[in-house]
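Welcome! Have a look at the structure first, and then read on.

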Amino acid sequence: MIDVSDLRSAPPPPLDASDHVRGDTAWPLVVIYADFTCPRCALAHERLRGAQLRVAFRHFAIAAKHPRAVPLACAAEAAGGQGRFWELHDALFEDPARSDDPHLWAHAQTLGLDLERFERDRRSPELRERVREQTRAGIRAGVAVTPTLIAGSAILPGPPDAELIARLTG
Amino acid sequence: MSVIEAGTPVPEFSLTRADGEKFTHTDLRGKTSVLVFYPFAFSPTCNDQLTLYEEVLDEFTQRGATLYAISTDARWSQAAFKEKLGSSVEQLSDFEPKGATAKAFGVLNDGGFTQRALVIVGPDGVVKWSYQAPSGELPGANLIFDGLDAV
């Protein structure tokens with residue numbers, strides 16, 4: 001475990017309006033940096049399901065690592081523009097083999113999205129820049145692998161196990 | 001063996017570039033260099049490490065730093081690795097004699113390969129900052145930003 005206070009480069013940015021957060025506000029907050037193409041992130045998603053944690057999701061989409069990393073992150077942001085970020089987030093992690101464009105269109109249809117707007121938004125430079133900036137902020141804060149959880153001042157790389165989740169939920 | 005410490009002039013060394021030309025300690029003069037010692041081309045952690053640094057390479061460049069990736073792999077293997085990753089970082093081979101430069105920098109593993117380590121060398125040819133990663137750890141790019149603050 002690395003402690004944020006040990007780092008001089010940059011702390012993780014505080015939550016703002018661009019963050020996607022779910023869970024009871026009374027529950028402990030965990031920020032997760034993750035990538036929709038990463039199997040270990042899908043495992044983290046599975047393990048965090050049902051935990052009494054308030055989870056904020058941030059993109060850690062390394063373009064050179066997987067050709068779909070940035071496109072899927074942008075697609076989730078585009079769904080978020082129509083109030084369906086978490087629904088597409090869950091669908092992408094729970095059905096990781098279906099991540100090509102036709103699969104995204106099918107997800108969009110299932111979620112009742114305005115497909116034309118979804119298509120326009122997910123290719124927009126603004127969303128690409130948002131994903132890029134979240135990724136870079138994570139890198140500057142010491143995130144090196146996906147998934148990485150940040151809880152308080154602790155940086156916790158790797159999928160959380162039951163013991164860690166129990167510790168985080170208090 | 002431990003990584004060369006800050007304040008130490010870089011030792012004389014000779015590495016091989018992708019085109020077969022030599023790269024020596026004199027090539028570090030006049031600029032800030034980040035030497036990224038990594039164990040094995042194509043290994044999962046090395047893949048992740050170099051793709052991670054690629055994501056913020058422009059920020060390193062803005063800070064006047066040039067990255068070099070160094071391993072005991074042959075230059076042909078490094079060239080294939082670089083192409084596979086789409087990496088812009090120049091690869092330097094410590095293959096012949098194998099590990100001689102890694103040994104000079106204190107990062108040669110007993111197994112004959114490079115330990116994962118970062119060394120920042122100032123324009124004066126003196127080590128400004130160094131970090132040897134524990135086995136299995138991927139040193140984040142934030143460490144390089146921290147290290148550059150020391151230059």
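In chain B, B:F42 sits in the loop that runs between strand 3 (32-37) and helix 1 (44-55). Keep in mind as you look around that this is a predicted model.

**A loop residue in chain B**
- The phi angle of B:F42 is near 75°, a positive value in a residue other than glycine.
- B:F42 has a relative accessible area of 40%, so it counts as partly exposed.

**Where chain A meets chain B**
- About 1500 Å² is buried between chain A and chain B, and 55% of that is on carbon and sulfur atoms.
- Chain A brings 19 residues to the contact, while chain B brings 14 residues.
- Between the two chains there are 5 salt bridges, as well as 6 residue pairs in polar contact, both partners at pLDDT 80 or more.
- Sorted by class, the side of chain A that touches chain B has 11 nonpolar, 3 polar and 5 charged residues.

**A closer look at A:R136**
- You can find A:R136 in helix 6 (residues 125-140) of chain A.
- With a relative accessible area of 6%, which is under 20%, A:R136 is buried.
- Beyond its neighbours within four places in sequence, A:R136 is in contact with B:E55, B:V56, B:D58 and B:E59.
- One of these partners, B:E59, forms a salt bridge with A:R136 through their side chains, at 2.7 Å from N to O.
- The side chain of B:D58 makes a polar contact with the side chain of A:R136 at 2.8 Å.
- B:E55 takes part through its backbone oxygen, which lies 3.3 Å from a polar atom of the A:R136 side chain.

**Two helices that meet in chain A**
- Helix 2 (residues 69-80) and helix 3 (residues 85-94) of chain A have axes that come within 7 Å and cross at roughly 145°.
- From helix 2 of chain A, the residues A:L72, A:A75, A:A76, A:E77, A:A79 and A:G80 meet A:F85, A:L88 and A:L92 of helix 3.
- By class, this contact between helix 2 and helix 3 of chain A has 7 nonpolar, 1 polar and 1 charged residues.

**Cis peptide bonds**
- In chain A, a cis peptide bond links A:T146 to A:P147, with omega about -10°.
- A:P147 belongs to the loop between helix 6 and strand 5 (148-151) of chain A.
- In chain B, a cis peptide bond links B:E96 to B:P97, with omega about 0°.
- B:P97 is placed in the loop between strand 5 (90-93) and helix 4 (100-104) of chain B.

Terms used. Residues are numbered from 1 along each chain as its sequence is written. Chains are lettered from A and ligands numbered from 1 in the order in which they are written. This is a predicted model: local features need pLDDT of at least 70, side-chain atom pairs count only at pLDDT 80 or more; totals for chains, interfaces and linings use all residues. Side-chain values use heavy atoms; hydrogens and water are left out. Axes are lines fitted to C-alpha atoms, for helices over the stretch in contact, and angles run from 0 to 180 degrees between N-to-C directions. Helices (H or I, at least four residues) and strands (E, at least two) are DSSP runs, numbered from the N terminus. Contact means heavy atoms within 4.5 Å. Ala, Val, Leu, Ile, Met, Phe, Trp, Tyr, Cys and Pro count as nonpolar, Asp, Glu, Lys and Arg as charged, and the others, Gly among them, as polar. Buried area is the accessible area (1.4 Å probe) that two parts lose on being put together, summed over both. A salt bridge is a side-chain nitrogen of Lys or Arg within 4 Å of a carboxyl oxygen of Asp or Glu. A polar contact is a pair of N or O atoms within 3.5 Å; within protein, one must be able to donate a hydrogen and the other to accept it, and residues adjacent in sequence count only if both atoms are side-chain atoms. Buried means under 20% relative accessible area, exposed over 50%, partly exposed in between (1.4 Å probe, protein chains only).
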